[in-house]
Amino acid sequence: MKTKYLLPLFAFAWLAETALAADGIPARGYAMFAKDGQFQPYEFQRHAVGDNDVLIEILYSGICHSDIHMVRGDWSPARYPMVPGHEIAGRVTQVGKNVTKFRVGDTAGVGCMVNSCGVCDQCKAGQEQYCEKGATLTYASRDQRHGGEITQGGYSDKIVVTESFAIKIPEKAELDKVAPLLCAGVTTYSPLRFTKVGPGDEVAVAGFGGLGHMALQYAVSFGAKVTVFDITENKRADALKLGAVRYVNVNNPDELKGLNGKFRVILSTIPANYDPMLYLRMLQQDGEMVVLGLPAAKDAPSLNILALAFTPRRKIYGSQIGGIRETQEALNYSVEHRLYPQVEIIPIQKLDEAYARVVSGDVKFRYVIDMKSLK
């Protein structure tokens, strides 16, 4: 009698284990477990590859300043454990049965989003980042299409994403430099296209880091005359080498003279507290200032309404990354014109050191993690 009932119990256990494996894909990465902690190895589950999904082996993952804000809870309470990373480049290793955009072996990328509602006006217009129901971000976001699981990002060995949110990476792309284009690239490309920057336009880039050095390259490629603003001297030569007509150290008051009313477009990529009016006064009448850099909430700048009233007909507004179509456009343009970020490739074990150097501004200009170091 005991033997009669023992076999079904073993069979049940085997079936349960098989079902659990089918429900998820084991993944490994590095996660932050507390606001003031350090990165630690972390094993977790990706959801299974669905009919419209692709499984991507992550080869490179960029480090964005917003990753640091997220793990530190600078904008809102953080969810731990958190695997950051929304600049992802890799290779497709599995495709769902309905997938037509990718084949196994293709190179593919993932940017800042992995899902959206798909039916609101913003999504239909190709602006998924402004999804009226809230886009699902690549990490630290609740994915309503997969049971409300909390997404985990690119500091890991693999990711599962619907094909419509994966970006095709051209074969001739320099893969170790591609990942930052999926955030820093499209974030600066998009507003330059929106403002129709073209030959002869006077453009300023405030803040010369990961975003700023891509904004400079794009604006120069569109024919603009670009002035770069920063607070140090050690980036002057880099800015001029990449095509800036002028570099202004804002800590040297003499360099700011004669610039009021000069620029048609200013992109602010500054991730710290600063005086927006300094730059608004430099706009031409009817000029546009686009805010891209996001400081911690406690350091967020504010506008003096009285000063704004006496700086008439200057526009200031924000912009967030780009939709999937525009991200693909930005990537294709970058690869075709060989506009890549300047990167330093690091092993994943140096994450804490890299974060400290990003915060201090001691990086030119983007760290990229080589995921081979995870093995």
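The model is predicted. Its largest nonpolar core has 95 residues, and those with the most contacts inside it are I63, Y155, Y218 and L351. Helix α6 (residues 210-221) gives the most to this core, namely six residues. Beyond its neighbours within four places in sequence, Y218 touches L181, G185, T188, Y189, L192, A330, Y333, S334 and L339.

Two packed helices are described by the angle between their axes and the distance between the axes. For helix α5 (residues 184-194) and helix α10 (residues 324-336), the axes come within 9 Å and cross at roughly 100 degrees. Because angles of 65 to 115 degrees count as roughly perpendicular, α5 is roughly perpendicular to α10. On the α5 side the contact is made by V186, Y189, S190 and R193; on the α10 side, by E326, T327, E329, A330 and Y333. Sorted by class, these are four nonpolar, two polar and three charged residues. Y189, A330 and Y333 are also among the contacts of Y218.

Helix α11 (residues 351-359) has L351, A354, Y355 and V358 as its buried residues. They lie on the same side of α11, because they cover an arc of only 100 degrees around the axis. An α-helix has 3.6 residues a turn, so residues three or four places apart point the same way. The buried residues of α11 pack against β1 (24-31), α2 (65-71), β18 (343-347) and β19 (366-370). Just after α11, G361 has a positive phi of about 80 degrees.

How values were computed: Residues are numbered from 1 along each chain as its sequence is written. This is a predicted model: local features need pLDDT of at least 70, side-chain atom pairs count only at pLDDT 80 or more; totals for chains, interfaces and linings use all residues. Side-chain values use heavy atoms; hydrogens and water are left out. Axes are lines fitted to C-alpha atoms, for helices over the stretch in contact, and angles run from 0 to 180 degrees between N-to-C directions. Helices (H or I, at least four residues) and strands (E, at least two) are DSSP runs, numbered from the N terminus. Angles under 35 degrees count as roughly parallel, over 145 as roughly antiparallel, 65 to 115 as roughly perpendicular and the rest as oblique. Contact means heavy atoms within 4.5 Å. Ala, Val, Leu, Ile, Met, Phe, Trp, Tyr, Cys and Pro count as nonpolar, Asp, Glu, Lys and Arg as charged, and the others, Gly among them, as polar. Buried means under 20% relative accessible area, exposed over 50%, partly exposed in between (1.4 Å probe, protein chains only). The arc is that of the directions from the helix axis to the C-beta atoms. A nonpolar core is a set of buried Ala, Val, Leu, Ile, Met, Phe, Trp, Tyr and Cys residues joined through side-chain atoms within 4.5 Å.
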